[in-house]
Structures are given as C-alpha cells and as structure tokens.
Amino acid sequence: MEVRAPQTEEEWQEADAVFQRGFGLFVDTDAFERNLARQMRDRYLAVFLDGRVAAAAQVRPFGMFLGGRSVPMGGYSPVAVAPEFRGFGHGTRVTEAHFSHLRERGEVLAGLYPASTKLYRGVGFEVAGVLVQHSIFTRHLNQIRPTVAWPTERRLTDDDIPAIKACYRRTAQRNQGWLDRPDSWWDQAILENFAKEHWYGVDGDGGELAGYVRYRHARASPPYSYGITVNELCADDPDVAIGLWKLVGSSSSQGHTTKFLGGHEHPLLVLLPEQDAKVELDIRWMARVIDASAAVAARGFPAAVTGSVGLELRDPQCDWNAGSWTLTVEGGTGTLEKGGDGDVQLTINGFSSLFTGYATAETLRMAGLLSGGSPRDHDLLTAAFSTATPSIVDFY
Ligand SMILES: CC(C)(COP(=O)(O)OP(=O)(O)OC[C@H]1O[C@@H](n2cnc3c(N)ncnc32)[C@H](O)[C@@H]1OP(=O)(O)O)[C@@H](O)C(=O)NCCC(=O)NCCS
C-alpha cells in the first residue's frame, strides 16, 4: 500500500473516477473532462493498493474568518473511497495523510462537510460550525423598513466583480466562520453561473459596492411561478441590507417563499414581522486545528479579553500539537507557547471546536472533551473563543 499523489495521466483519471463513483456524477464525458481539468494536482493524495487507486482526497485552499482575521485553512473536498475498498480504513488514511502537507503550506486549520462524522472525528476533526437554510414568506420582506433612507439598487454586471469580491470580504470578516474565498473558488463555485443568477447592488463611495444580493429562481408549485433562493446578501450598512431584502421581496407576487443561508440566528430574523421562518437545512461542518500554536497566532480574539491559561493538548495524529502549552490572550491577539502546567486537558477535537467558537468550555466538558482547570479557566476560554455560532454560506 502506498499513499501519494497520482503520477501518470492514467492514475489521475482513475482517481477522478473514484470521485465520480463516490458522488454519483454519472459517467458523462463533459463532467469527467471538466473535473479532470479542475483537479488541484498539488493538493491531492491517493491510497494505492497493488497499483490501483483505492481512495483519494483533495484539499482546497481557503481562509476562515475567526475574530475578524483570515486563518489559512485547507478544505477537504472531495474525499472518496472506491466501493470495493470501503470499510478498511482507507478513508481515514487518506484524510490524515494530508495533515503534514497542510502544515508545510501554512494551512493551520482544516475544514470539511462530513458525510460521516465518525470517520473525521477519529482523526481529530470536531463539529465546529453550521450551515443553515431558512425559509420565509417573501411578502414579509416588504414589511421591513430602513431606519434612515431607502438605497438605490441596480443590476450588476461583470464589471462589478472586483467590487462584489471586496464587499463579500468585508462582510465575511465580520461573520465568524465565513470563508475567505480565493479566486479559484470565486471562479468555479460562485461566478460560473453569473449570467444565470440575479445580482443586484447598491453603489457606495469611490467605486465600492455598499452591498449586493445574489439570488436565483427555483421551481415552485402552481399558482406560484418560482421560489427564491438567496445565496448571499452582503452589506456594510443595515439600510443597504434592508433595501436589498426589499428588492427580493418585490417578487412576492410570483415567488411565494424565499430561502436564505446563514447561521441559526440571522439579523433578518430580528427584523421580520412574524416568527414563521422554517429551517430547511441544518448542517454541522467540522474543523481540525492542524498547527495549534500557529492557528492561535493567526486568529483574532476579543479586544476586551485578557488572561492566561495552561492547556494540555492530546493529539494522536499531529505530535507537534501534543503536550503542555500556555495560552495568553491580550489586546485582540493570542499566543500559545510550549510549557506551563497544563491545567485544562483537551483533546484536539475539543480544542478544534473551541477554536472556531462553536463550543463553550462547559459544552466540551459535558461532551468529555475537556477536563481539569478551574471555573475561572473555563470562563476565560469561553470568553476568548466563543461568539455567535460560526456559520458559512459556501458548500464545498
Ligand atoms: C465515507 C467514505 C469516504 C468512508 O470510507 P471508508 O474507507 O469506508 O472509511 P473508514 O474505513 O476509514 O471508516 C472510518 C470510520 O468511519 C465509519 N464510517 C465510514 N463510513 C461510514 C458511513 N457511511 N456511515 C457511518 N460511519 C461510517 C467507520 O465505521 C469507521 O469507524 P470505526 O473505525 O469505528 O469502525 C466512503 O464510504 C465513500 O467514499 N463514500 C462515498 C463518498 C463520500 O461520501 N465521501 C465523503 C465525503 S465527506
């Protein structure tokens, strides 16, 4: 058995065929060619058994905004094992084989959408955030009002793409867990269907966009022509956001329901006139800290929190993380330095869930992922890392 990147063109095709079989992309030549062309060949590993590809995993480059800073992150997508090789630990093997490569590239955090929680939990990932889709009655959007003035929206064109990206990034920075999207992701996942989706924006100062909304129409049952799916709505200012929601609401005569993504809580839920939003989709994504010390240095912390706590991390896969550390948080930044008395014991799973702000110290204690330490230590960890539950508007 070998774990390495495919080398020959035949091996690359075989690895791609494992993904095709894993995800039901039926053998259609176009899809096959398109996927092959998009392989990130320097971010790809496969398990070979007697020269055949048994499993493969690709890791995409992202950042994750935590505490207002972009933490370099590798996003596993996709991971698959050929049907005849499942159940023998190859999924586990190909996942953990990436850890040292992630570390070498400075990707201090890894993330993924788990098709099996158990598999990834076994190599240090833990539940670390959510992707939630809410559904509301579109007509309710017409009842919300700006506090100052209605903004003026216009339909966006290709020329607006740089301003769209800048506006997204400013919004993402304020939302714990949102992706810092590289151009490769914008091109493949967001802008590929630019002409088929609806993009409207509000002009800001100096050529910037003060906000934009991206939505599409989806099939609906008569008497309605369509439903509305808002993929993202980014804005710097509440009145701009309200104006863009109102624009979506102007389709209420045909688009009875509107779905939108975010966390369990969302500013719109505080604005809507009635509480009849339904949750359509509720996925918990997972994260794993790859390099604990570098990850703490990379994320932002609340400026109002100051203090130190001794940690002892257990990490069976990444020995560079294991041992006693002192975490210090001050002035909006953090350090994790070797040494100290390791008062609070954490598995790397628990530390990962704490790191993104998903779990409080008490949640981790009750899940058996954190032990030891004083109530003051627990309070400090919760105050330093926790925020609104991390969410995301991308599925990768
Ligand atoms: C999911 C998949 C990658 C698992 O591969 P695998 O090689 O069989 O996984 P492993 O043998 O390493 O399993 C590791 C652990 O996860 C568990 N696990 C694996 N697949 C599971 C499933 N479908 N449901 C529940 N648990 C599962 C195993 O029981 C094992 O736990 P154990 O060690 O306690 O027995 C494989 O079934 C697959 O390719 N599926 C189709 C594509 C897909 O869903 N990819 C994952 C995208 S995130």
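1. In strand S15, Val329 is the bridge partner of Gly307. S14 and S15 run antiparallel and are joined by seven bridges. Strands here are DSSP runs of E with at least two residues, helices are runs of H or I with at least four residues, and both are numbered from the N terminus. Two strands count as paired if DSSP finds at least two bridges between them.

2. Ground rules. This is a predicted model, in which local features need pLDDT of at least 70, side-chain atom pairs count only at pLDDT 80 or more, and totals for chains, interfaces and linings use all residues. Residue numbers start from 1 along each chain, as its sequence is written.

3. The whole sheet. Five strands make up an open sheet, in the order S16-S15-S14-S17-S18. The pairing is mixed. Its edge strands are S16 (333–338) and S18 (370–372), each of which pairs on one side only. From one strand to the next, the twist averages 30 degrees.

4. The parallel pair. S14 (residues 307–314) and S17 (residues 344–347) pair in the parallel sense, over four bridges. Leu313 stands opposite Leu346 in S17. Arg314 stands opposite Thr347 in S17.

5. Helices on the sheet. Helix H11 (residues 348–355) packs on the sheet and touches S14, S17 and S18. The direction of H11 makes about 95 degrees with that of S17. Helix H13 (residues 375–385) also packs on the sheet, touching S14, S15 (323–330) and S17. The direction of H13 makes about 90 degrees with that of S14. Axes are lines fitted to C-alpha atoms, for helices over the stretch in contact; angles run from 0 to 180 degrees between N-to-C directions. Contact requires C-beta atoms, placed from the backbone, within 7 Å.

6. Another run of pairings. S7 (residues 153–155) pairs with S9 (residues 198–203) in the antiparallel sense, over three bridges. Glu153 stands opposite Val202 in S9. S9 also pairs with S10 (residues 209–219), again antiparallel, over six bridges. Val202 has Gly211 as its bridge partner in S10. S9 and S10 form a hairpin with five residues between them. In the turn, Gly206 has a positive phi of about 60 degrees.

7. Domains. The protein chain divides into domain 1 (2–107), domain 2 (132–284) and domain 3 (290–385). These bounds come from an automatic or database domain assignment. The centres of domain 1 and domain 2, taken over C-alpha atoms, are separated by 32 Å. Their contact takes ten residues from domain 1 and eleven residues from domain 2. On the side of domain 1 that touches domain 2, strand S3 (residues 52–66) gives the most, with seven residues. That side divides into five nonpolar, three polar and two charged residues. Ala, Val, Leu, Ile, Met, Phe, Trp, Tyr, Cys and Pro count as nonpolar; Asp, Glu, Lys and Arg count as charged; the others, Gly among them, count as polar.

8. The ligand. Which residues come nearest to the ligand? Of the 20 around it, they are Gly22, Gly91, Thr92, Ala115 and Leu119. A residue is near a molecule if its C-beta atom, placed from the backbone, lies within 6 Å of it. Helix H1 (9–23), strand S4 (69–81), helix H3 (90–96) and helix H5 (117–121) are the elements that give two or more residues to this shell. S4 supplies the largest share, four residues. By class, the shell has ten nonpolar, eight polar and two charged residues.

How values were computed. Contact = placed C-beta atoms within 7 Å.
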